[in-house]
Amino acid sequence: MNAASRSTAGQVAVLHKALDLLECLAAAPLTAADISKRIGVAKPTVYRLLSTLQSRGFIDKEPDGSRYMIGSAVHALGAGPGSPTDLISLTRPFTAKLAATYGETINVAVKSGDQILYVDVLQSGHRLRTEIPAGGRDHIHSTALGKAILAELPEGEARAILTTIDLVPVTPSTITAVPALLRQFAMIRQTGYAVDDEENEVGSVCVAAAIRGPDGRPVGAISISGPRWRIDDQLVKAIGAELVAIRDSFTDVFRFGGARADATLASGSLT
C-alpha cells in the first residue's frame with residue numbers, strides 16, 4: 001500500500017514500514033538496497049528493521065548471498081484458522097493422533113531468531129511429563145526440535161547459525177562443539193529424525209522431525225517428549241519412523257491444506 005493512500009492518524013509510522021518490508025519480501029527475496037528503494041526508507045533504517053525482524057524469526061537471510069526472505073515465524077502466525085499457511089491447523093490432525101497413540105507430550109515449534117518458539121503443545125496426561133507451554137522459547141542447539149530444523153538447512157547456513165549463538169551446556173549431555181553438532185546433523189539427515197537424549201533436560205528424551213514447506217525449507221518441527229525411562233531406544237526408533245512419515249506427507253498437506261492431512265490419516269499410512 002502506498003504511504004500517501006492511507007490515513008496515518010493514530011498509527012505508528014515505523015510499524016507501517018516494517019509491514020511494508022514484509023510485504024515486499026513476501027513477493028520475492030530482496031537485498032537491503034532493493035528494500036530501501038521499494039519502501040522509501042534510508043538503508044540504515046532498513047538495516048535496523050531487518051535486524052529486529054530477523055532476531056524474531058520473521059525474516060531470514062539467504063546463506064550464500066545478500067538477499068533477505070520471509071522467515072519461519074511468519075508461518076507460525078498463519079493467515080487464519082484452516083488456512084494453508086496455518087501451521088497449527090495443518091499439524092493438529094497428526095499431533096492429536098500422536099498424543100492418543102503414545103500418551104506423551106507433543107510439540108510443534110518454529111525457528112525464531114536463534115531460538116525455537118513452541119507454537120502448539122499437547123500435554124501428556126501423565127503426572128510426570130515435560131512441561132513446556134505454547135509460546136515458550138528454548139535453545140536451538142540442545143533440543144531435538146531445533147536440531148531437526150537446523151539439519152534441514154544447507155550445512156553452510158546451519159554452521160553460520162551455530163557460530164553466532166551461545167552454545168551453552170544446558171545439561172552435562174549437551175553438545176556444544178560446532179563440528180560435533182554438524183556431524184549429528186548429517187546423521188539426522190540420514191535417519192530423518194533428531195533425538196535430544198537428556199541434552200536439554202536431565203531425565204528427558206525428545207524425538208523430532210522437521211516440517212518442510214512448499215519450497216523444501218524447514219518451517220518448523222514436530223516432536224514427542226517424555227521421561228527417558230518411558231521412552232527407551234526401541235520406542236525412539238518407532239517414534240522417529242512415524243515422525244518421518246508425517247514429515248514426508250507434508251508436501252501434499254501444504255499444497256492441499258487440512259483435507260489432505262485428514263485423508264493421509266484415514267488412509268492408515270501412519271502407524
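Six strands make up an open sheet, ordered E5-E4-E3-E8-E7-E6 and paired in the antiparallel sense; strands (E, at least two residues) and helices (H or I, at least four residues) are DSSP runs numbered from the N terminus, and two strands pair if DSSP finds at least two bridges between them. The model is predicted: local features need pLDDT of at least 70, side-chain atom pairs count only at pLDDT 80 or more, and totals for chains, interfaces and linings use all residues. Residues are numbered from 1 along each chain as its sequence is written, and side-chain values use heavy atoms, without hydrogens and water.

Strand E5 (137-139) and strand E6 (194-197) each have a single partner strand, so one side of each has no neighbour in the sheet. On average, neighbouring strands are turned by 30° against each other, direction ignored; axes are lines fitted to C-alpha atoms, for helices over the stretch in contact, and angles run from 0 to 180 degrees between N-to-C directions. Within the sheet, E7 (residues 204-212) and E8 (residues 218-227) form an antiparallel pair over nine bridges. Ser204 lies opposite Pro227 in E8.

Helix H6 (residues 144-152) packs on this sheet and touches E3 (105-112), E4 (115-122), E6, E7 and E8, where contact means heavy atoms within 4.5 Å. The direction of H6 makes about 35° with that of E7.

Two further helices are H7 (residues 155-162) and H8 (residues 178-191), whose axes come within 11 Å and cross at roughly 140°. From H7, the contact involves Glu155, Ala158, Arg159 and Leu162; from H8, Val178, Leu181, Leu182, Phe185 and Arg189 take part.
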